[in-house]
Protein chains: 2
Amino acid sequence: MRILLVGAGGVGSAAVAIAARRTFFETMVVADYDLGRASRAIAEHDGRFVAAHVDAASADAVAALCREHRITHVLNAVDPRFVMPIFDGAFAAGADYLDMAMSLSHPHPTRPHAETGVKLGDEQFARSEQWSAAGRLALCGIGIEPGLSDVFARYAADELFSEIDEIGVRDGANLTVDGYDFAPSFSIWTTIEECLNPPVIWEADRGWYTTPPFSEPEVFDFPAGIGPVECVNVEHEEVLLVPRWVKAKRVTFKYGLGDEFIEVLKTLHKLGLDSTRPVSVRGAQVSPRDVVAACLPDPATLGDRMRGKTCAGTYVTGAGVDGRPRKVYLYHVVDNGWSMKEYGHQAVVWQTAVNPVVALELLATGAWSGAGVLGPEALPPVPFLDLLTGYGSPWGMEER
Amino acid sequence: MRILLVGAGGVGSAAVAIAARRTFFETMVVADYDLGRASRAIAEHDGRFVAAHVDAASADAVAALCREHRITHVLNAVDPRFVMPIFDGAFAAGADYLDMAMSLSHPHPTRPHAETGVKLGDEQFARSEQWSAAGRLALCGIGIEPGLSDVFARYAADELFSEIDEIGVRDGANLTVDGYDFAPSFSIWTTIEECLNPPVIWEADRGWYTTPPFSEPEVFDFPAGIGPVECVNVEHEEVLLVPRWVKAKRVTFKYGLGDEFIEVLKTLHKLGLDSTRPVSVRGAQVSPRDVVAACLPDPATLGDRMRGKTCAGTYVTGAGVDGRPRKVYLYHVVDNGWSMKEYGHQAVVWQTAVNPVVALELLATGAWSGAGVLGPEALPPVPFLDLLTGYGSPWGMEER
C-alpha cells in the first residue's frame, strides 16, 4: 500500500504519528500547500515518509502527485472545501480514496430550514457508479464523526438490536484551554460550516429534512466523568450515511457545543463573519471566515495547554435482540493528557486521525474491501472495533 | 472663515448639508482619502464647497491643503486614529482646529481595569501651551457626545445648580434598521474603540480611574417615547473634559447599548476580532476590526431603512440654586424620519454633525473665542444652546 496523505494540519500530522507505529504500508507521501508544514509532520519518523507540496484545490495536481509516487490510496485530511478536487484527482490516477468529511452542502434556495438542498456528500454519491465500474473504492467519512460513529451504528444493528427507533450520534467534551478566553479545539472553519448550516434529520417515513440551526436542545450525559452537556442538532455526514445501509426510524446528530460556543457562532453569523465570500478591506480581498480563523490560535498547537477528555459516540434506542426495549450508548473517549504523552497530539485531532489509519490497515490486510462510494457502515464493524482496540484506544458501551 | 472639513463619511457629509444652509463662512474644502466620496458630499451644494483628496494620516498633507486654500478652521470628521496628524497639520498651517473625538487612550500596562494609562485627549492637552502661545484654538470634542453633552454640563453648573453631585452623560435610542439582523447606526470601528477600552470615571476625591468594560449597568428612562434602556459605563471624552472646567463630585458616561450589542462586543473581543493589529490571511495583512466593519453595512447609507429616535443628554444631580435637592436631565432628541426628510441624513450622524457647525458659526460671529486646547464646557453655553435651537433642533430638560 502506497498512501498519499493530503494535508499536514492537526489531523494529518496526528495520522502520521499513528501510522508511523504500524507496518502495513510501504510509503506515505505527506503533501501540504505549505511544504514546511509537511516536512515538520514527518521530521521525526522513518524513511517510509516523504514530504511534498500540493495544491489541494487542483485535481490535476493531486493526480500528478499520485502518479509520481504510484499511490494506491489517497487520504484526504484538509478542510471539506477541497473534497471534490482530491476525490477527482485520486480517481483520475486510479487510486482508492478516503476522507473524514464529505462534499459540501448547499441550503434549499427558498425553504432552507425545512427542506434539504444539495446534501453533504451528494456530489460524491453522484459518481458512485463511475467508481464502482472502475473497481475503485471511495470510503467516505472515516474519521471519528463521521467514521467510528457510523461503525457503532452498524455494530448496533448487527449485534445489539432487532429493531432501531433512533440512531443519535452524540459528541461532547470537557476540554479547557489554559490561557485563552476562547480557543476551539477543532478547526473553526469546519465548525462554522457544520454548525451554521441547517441541521439535517432523517426519518423513515419522511426522508431527509432540515431545521433551523441549533434546534432540539437536549442535555446528554457523557461517560468518563465528562457529565451532562447541552447538545443541539448540527448538520453532519452520519445522518446522510447511516440510513443508506442501516435500518432505523430516525437518525440525528447532536453536538455538545455548550451555551458559550453557540452564542459565539450566532454572533459570527449575525455579523456576517461566518461568510466565505470575500470582502474588500483596504485593497485586499479576504474571506471573513478566514479572518476569524486567523485571529484564533491554531487548535493543533494547543495540546500542551488543553486539559480534559473528548467523547464521541452513538446512542441507539429500540428493541434488543430479545425484543425488549433497549438503549445503548457506544462511545470512544480520549484523554488529552494521554494523547499528548503517547503521541504529542491533542485529543480531538488524535481521535479523528486514528480511524482512517485503522481503516487503511483493514484495507491493506483485506479485512475490508469494496468498490464505489461507501460509508463506514457499509463494511463489517467488528474487525474495525477490534483493530481500534489493538491500537491502544478501546471503545466502550453503556446500557441506559 | 475658510473651513477645511477632513472626512466625507456619514458625519462629514451631514455637516456639509447643514452648513450649506448657513451663510457664516466663505468656503468649505471637503477632503477625503476617497475624492469621489468628497465630490458626492458636495454635489448638490453651492459654489462655496470644494472637494479635495487628502491622506488624513499625514500632518504634512493636511498642512499643505490648509495653505493651498488659506484655511482658518479645520474640522476633523474622520475616525479618532487620525486625530493627531490632523491636529498637528492644522497647527503647522496656523489654522484653528475642531474635532468630535480626541486622541486615543492606551490602557494602564498592569492595572488596566483600575488605573488610567494614557487618557483620551492626553496627547492633545500636552500641546495646549503651544496652542495658547500661538493664539490658536483647538476646540476638542464638539460633536453631540462629547460636545452638546459638555455644553449641558456647563449650563447646569452655571444656571441650575449650586452644588453638583454627579454629571452623568446618558445616551440611548430606539432605532431599528429594517432588513438587517445587526446594523449599528454609528461607526463600528469607533464603537468598538469606545466600548472595549476600560471605561473611565472621575471622582473629586480620587481623580480619574478605570473599571472593567460594561461596568455599573443601570436602566435609564429616556424621554420622547424611547423609554428605559440598559446603560453601562463606556470610555468617553466627557469624563476627561468636564472636570477640567466644571465642579462636580463625580463624572460618568453611560451608553445605552442594550443586551444584544453588549453581547456582540464581548464576543468580538473574546475572539480577538476587535483588534487593530494586522493578521495574515492568505498572503494579505488585514486588521480584524477593519474586516468586521467591512462585513457590516455602512451606517451612513442606512437612513432610509432606519426608524426611531436617538437621544443624547446629561443627567445632573445635586443641590439646585435654592439649595434643595435637584435632578435634571438635559437632552437632545433627533427623529430619524425628520432628519432624513429635512436633510437626507440619518439621525445619529446628523445629531453629531450639527454641533460643530453651530460651534463654527459661534466662532465666526465672535460669540465664542479662545486659545489653547479647550473643551466645549470652557465656553459660554447659552449662545450655543440658543443657536442650536435656531438651527431648528431644540433641546429639552426634564426635572426628575
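This note sets out numbered points on the two-chain structure shown above.

1. Basis of the model. The model is predicted: local features need pLDDT of at least 70 and side-chain atom pairs count only at pLDDT 80 or more, while totals for chains, interfaces and linings use all residues. Residues are numbered from 1 along each chain as its sequence is written, chains are lettered from A and ligands numbered from 1 in the order in which they are written, and side-chain values use heavy atoms, with hydrogens and water left out.

2. Overall form of chain A. Chain A contains 14 helices and 20 strands; these are DSSP runs, helices being H or I with at least four residues and strands E with at least two, numbered from the N terminus. The C-alpha trace spans about 55 × 55 × 45 Å along its principal axes.

3. Burial and contacts in chain A. Of its 400 residues, 62% count as buried (buried is under 20% relative accessible area, exposed over 50% and partly exposed in between, with a 1.4 Å probe and protein chains only). Among contacts with a separation of 6 or more, 69% join residues 24 or more positions apart; a contact means heavy atoms within 4.5 Å.

4. The interface. The contact between the chains takes 25 residues from chain A and 25 residues from chain B. About 2200 Å² is buried between chain A and chain B, and carbon and sulfur atoms give 74% of that area. In chain A, the residues that lose the most area to chain B are A:Lys270, A:Leu271 and A:Cys295, together 26% of what that side buries. Buried area here is the accessible area (1.4 Å probe) that two parts lose on being put together, summed over both.

5. A:Ala51 belongs to strand S3 (residues 49-53) and is partly exposed, because its relative accessible area is 24%. Beyond its neighbours within four places in sequence, A:Ala51 touches A:Val30, A:Leu35, A:Ala38, A:Ser39 and A:Ile42. A:Ala41 lies in helix H2 (residues 35-42); its relative accessibility is 11%, so A:Ala41 counts as buried.

6. Cis peptide bonds. In chain A, the bond from A:Glu145 to A:Pro146 is cis, with omega near 0°. A:Pro146 sits in the loop between strand S6 (137-139) and helix H7 (148-160). In chain B, a cis bond joins B:Glu145 and B:Pro146, with omega about -5°. B:Pro146 is placed in the loop between strand S6 (137-139) and helix H7 (148-160) of chain B.

7. Positive phi angles in chain B. B:Arg70 is not a glycine, yet has a positive phi of about 45°. B:Arg70 occupies the loop between helix H3 (59-68) and strand S4 (73-76) and counts as exposed, because its relative accessibility is 57%. B:Glu216, also not a glycine, has a positive phi of about 50°. B:Glu216 lies in the loop between strand S10 (207-210) and strand S11 (218-222); its relative accessibility is 32%, so B:Glu216 counts as partly exposed.
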